[in-house]
Amino acid sequence: MSVDIWKKSFLEKGIPSHLVEHYAPYIEKLLLQDLPVIFELEHLSKIIGVEISTLQKMIYCSRKFYRRFSIPKRNGSRRQIDAPYPTLLLCQKWIYENILKKTSVHHSAHGFIEKKSIITNALPHKNKKALLKIDLKDFFPSIPLSWVINHFLSLGYANNVSFYLASLCSLEGHLCQGAPTSPYLSNILLTGLDNRLTKLAASYYLEYTRYADDMTFSGNYIPHTLIVTIESVIASYGLSVNPEKTRLHLKKGQRIVTGISVSGDSLSVPRDYKRALKQEIHFIERYGYISHVSKLKINDPLYLEKLIGKVNFWLQVEPKNNFAKHALNLLRAVRK
C-alpha cells in the first residue's frame, strides 16, 4: 500500500487533511523499509489478530504469559528458560517475521540467521595456530528493554508503538531465554559491538565470529594482552565476560568451536563425540537394538531419534564419512 492510498483512505474516513499530511512522513518512512505501518495499540491489535485487552496484559503484565522451567547445561548447572504461552508466542513470531527480519545484522554473527549455522561459525577458524574463545555472561538478561525500544524508534516507529513492540519482546526489563525474538534481536542490537570487534581482530590479522554469546578469534598469533582489550570493548557495551570460559589456545591440540573441531585442514566432529557414538552403534549392530536398550535400561522413548540426530549432525560436519553413512542407514532400518 502506497502513501497516496493511505492518504485517500484517511480522507474518506473524515480525517482532516492537515492531520493526513502530518502522518504521511511517518507512513512513508516505514513503507520504504517494507515495514508494517502501526499507529497505536488498537491498530496493532487488529493487525496481529489479538484482543486489545489481552495485548495490554501482555505488555504491562508479561510475567503471566510465560512458563518458567530449567534445562541442564553441560557443566552440571541449569539454564533458566522462559517460554511464552501461545498468544504471546503468536505476537512475537509476527514481530520477528514482519519487522525484525527486515533488519540486516553484522556478517560476523552466525547464530539464528538463515543460511548460517555452527558450521559457518567454525569454518573461519579452521587450522589456525592460535585460537581465543570468549563467552558473554548472562547474555539475554544483559540486554535491556531500553535497547529494544531504541531499535524500534530507529526504524521510525512512534514512541508508544516502539514501547508496545519492545515490551512484547521483553520480560522484566530485558530479553529472555525462550522468546523467539530474543536471538535475532540480540544480533541486531550487537551490530555495533560486532563491528568494533571485527575491526580490532583485523588490526591483529585475526578472524572474528560470534554465535549468540560465544565469541571466537583466531589467527597466527594472539597476545595475552588482547584479552583485556576485548573485555574492555565488551564492557563499554554494558556486557561482561564469563572469565571461567575464556580459553586461549596457542599450542597444538584439539580446538572446539561451537561443538566442532577446527584443528585440522577440514572441520570434523570431536573425537569423544565420535568414540561414544561409535560404541553405541557397535552394540546395536552386534546385539540388536532391543537387547541394547534393555541391557542399558534405557527408557527414553526418543532415544532412537536422538541417536539419528547425532549421526545427522556428524554428517553435516563430515558429509563424506562412511561410518556415519552406515550408522544412519542402520538406525533408519531399526526405526522402520
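Predicted model: local features only at pLDDT ≥ 70, side-chain atom pairs only at ≥ 80, totals over all residues.
A search of the whole structure finds 12 aromatic pairs. One of these joins tyrosine 60 to phenylalanine 163, with 6.0 Å from centre to centre and 40° between the planes, a geometry classed as tilted. Tyrosine 60 belongs to helix α4 (residues 52-60) and phenylalanine 163 to helix α8 (residues 159-168), so the pair ties together parts that are 103 residues apart in sequence. Phenylalanine 163 counts as partly exposed, at 27% relative accessibility.

Another tilted pair is formed by phenylalanine 112 and tyrosine 211, with a centre-to-centre distance of 5.7 Å and an angle of 45° between the planes. This pair also links distant parts of the chain, 99 residues apart: phenylalanine 112 lies in the loop between α5 (86-98) and α6 (118-122), and tyrosine 211 in strand β4 (residues 207-211). Phenylalanine 112 has 42% relative accessibility and counts as partly exposed. Tyrosine 211, at 19%, counts as buried because the limit for that class is under 20%.

## Aromatic cluster and charges over rings

Tyr23, Tyr26 and Phe39 form one aromatic cluster. Two of its members, Tyr23 and Phe39, are also found among the residues that line the second largest pocket.

Lysine side chains are placed over aromatic rings at two sites described here. The charged end of lysine 278 sits over the ring of phenylalanine 323, at 5.5 Å from the ring centre. The charged end of lysine 295 sits over the ring of tyrosine 287, at 5.8 Å from the centre.

## The largest pocket

The largest pocket holds about 1,700 Å³ of space. Its lining comprises 50 residues, and Arg79, Asp135, Asp213, Asp214 and Lys245 are the ones nearest its centre. By class, the lining has 20 nonpolar, 12 polar and 18 charged residues.

Several secondary-structure elements contribute to this lining. At least two residues each come from β2 (78-84), β3 (130-135), α9 (182-189), β5 (214-219), β6 (247-249) and β7 (256-257). Of these elements, β2 provides the largest share, with 4 residues. Arg79 falls within the range of β2, Asp135 within that of β3 and Asp214 within that of β5.

## The second largest pocket

About 180 Å³ of space lies in the second largest pocket. The residues lining it are Trp6, Ser9, Phe10, Lys13, Ile15, Tyr23, Phe39, Glu40 and His43. They divide into 5 nonpolar, 2 polar and 2 charged residues. Helix α1 (residues 3-12) gives the most to this lining, with 3 residues.

## Buried positions

Asparagine 121 is located in helix α6. At 0% relative accessibility, asparagine 121 counts as buried. Its side chain makes a polar contact with the side chain of threonine 258, at a distance of 3.3 Å.

Leucine 190 is likewise buried, with a relative accessible area of 0%, and is found in the loop between α9 and α10 (191-203). Its C-alpha atom is separated by 44 Å from that of glutamate 12, which is 178 residues away along the chain.

## Loop residues with positive phi

Most residues other than glycine have a negative phi. Glutamate 172 has a phi near 55°, a positive value. It is found in the loop between α8 and α9 and counts as exposed, at 51% relative accessibility.

Tyrosine 205 likewise has a positive phi, near 60°. It lies in the loop between α10 and β4. With a relative accessible area of 76%, tyrosine 205 is exposed.

## Overall dimensions and composition

The protein contains 15 helices and 8 strands. Taken along the principal axes, its C-alpha atoms fill a box of roughly 80 × 55 × 35 Å. Of the 336 residues in the protein, 45% are buried.

Terms used:
Residues numbered from 1 in each chain as written. Heavy atoms only, no water. 1 Å grid on protein atoms, 1.4 Å probe; cavity = no way out; pocket = protein on both sides within 12 Å on 5 of 7 lines; lining within 4 Å. Points joined across faces, edges and corners; volume = space filled by probe spheres on them. Nonpolar A, V, L, I, M, F, W, Y, C, P; charged D, E, K, R; others polar. Phe/Tyr/Trp six-rings, centres within 6.5 Å; stacked < 30°, edge-to-face > 60°. Buried < 20%, exposed > 50% of the residue type's maximum accessible area, 1.4 Å probe, protein only. Lys NZ or Arg CZ within 6 Å of the ring centre and 35° of its normal. Polar contact = N/O pair within 3.5 Å; in protein donor to acceptor, adjacent residues only side chain to side chain.
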